[in-house]
Amino acid sequence: MTVSLPLVFVLGLFAWGAVKFLGVRPWIVVLIALFGFWLSHTFMAPAIESGTRSGVTVINGTHN
């Protein structure tokens with residue numbers, strides 16, 4: 001069975017877990033999210049997206 005989850009959902013779960021179990025303050029999570037949002041509007045966005053897609057492909061592997 002294959003389950004498809006959006007990456008933003010998985011990252012949201014990690015953020016929730018960090019706040020709940022590691023004691024990370026919620027304002028730090030918001031600050032990091034804003035940094036990612038602003039970074040997505042820079043010249044580095046295509047490289048970040050390409051790297052993320054490559055990493056997901058490596059983790060998923062090839063299912064022929």
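Helices (H or I, at least four residues) and strands (E, at least two) are taken here as DSSP runs, numbered from the N terminus. The model is predicted, with local features requiring pLDDT of at least 70 and side-chain atom pairs pLDDT 80 or more, while totals for chains, interfaces and linings use all residues. Residues are numbered from 1 along each chain as its sequence is written, and side-chain values rest on heavy atoms, leaving out hydrogens and water.

An unreviewed UniProt entry places the feature "transmembrane region" at residues 27–48; such annotations may be inferred rather than shown by experiment. Over residues 27–48 the chain is 77% helix and 0% strand, and 24 Å separates the end C-alpha atoms.

Helix 1 has 15 residues and should span 21 Å at 1.5 Å a residue, which agrees with the 21 Å between its end C-alpha atoms. The expected span is 1.5 Å times one less than the number of residues. After helix 1 comes Gly 23, with a positive phi near 75 degrees.

Aromatic rings of Phe, Tyr and Trp (its six-membered ring) pair if their centres lie within 6.5 Å, with planes under 30 degrees apart counted as stacked, over 60 as edge-to-face and the rest as tilted. By this rule there is one aromatic pair. The ring centres of Trp 16 and Phe 21 are 5.8 Å apart and their planes stand at 90 degrees, so the pair is edge-to-face. Both Trp 16 and Phe 21 are exposed (over 50% relative accessible area, 1.4 Å probe, protein chains only).

The pockets come next. On a 1 Å grid over the protein atoms alone, a pocket is an open set of points where a 1.4 Å probe fits, with protein on both sides within 12 Å along at least five of seven lines; lining residues have an atom within 4 Å of a point. A volume is the space filled by probe spheres set on the points.

The largest pocket has a volume of about 450 Å³. Its lining comprises 15 residues, with Leu 7, Leu 11, Gly 36, Ile 48 and Thr 52 nearest the centre. Helix 1 (7–21), helix 2 (26–39) and helix 3 (45–60) each give two or more residues to this lining, and helix 1 supplies the largest share, six residues.

The second largest pocket holds about 280 Å³. Its lining includes Leu 5, Pro 6, Glu 49 and Arg 53. Here the elements giving two or more residues are helix 1 and helix 3, and the largest share, six residues, comes from helix 3.

Technical notes. Buried means under 20% relative accessible area, exposed over 50%, partly exposed in between (1.4 Å probe, protein chains only).
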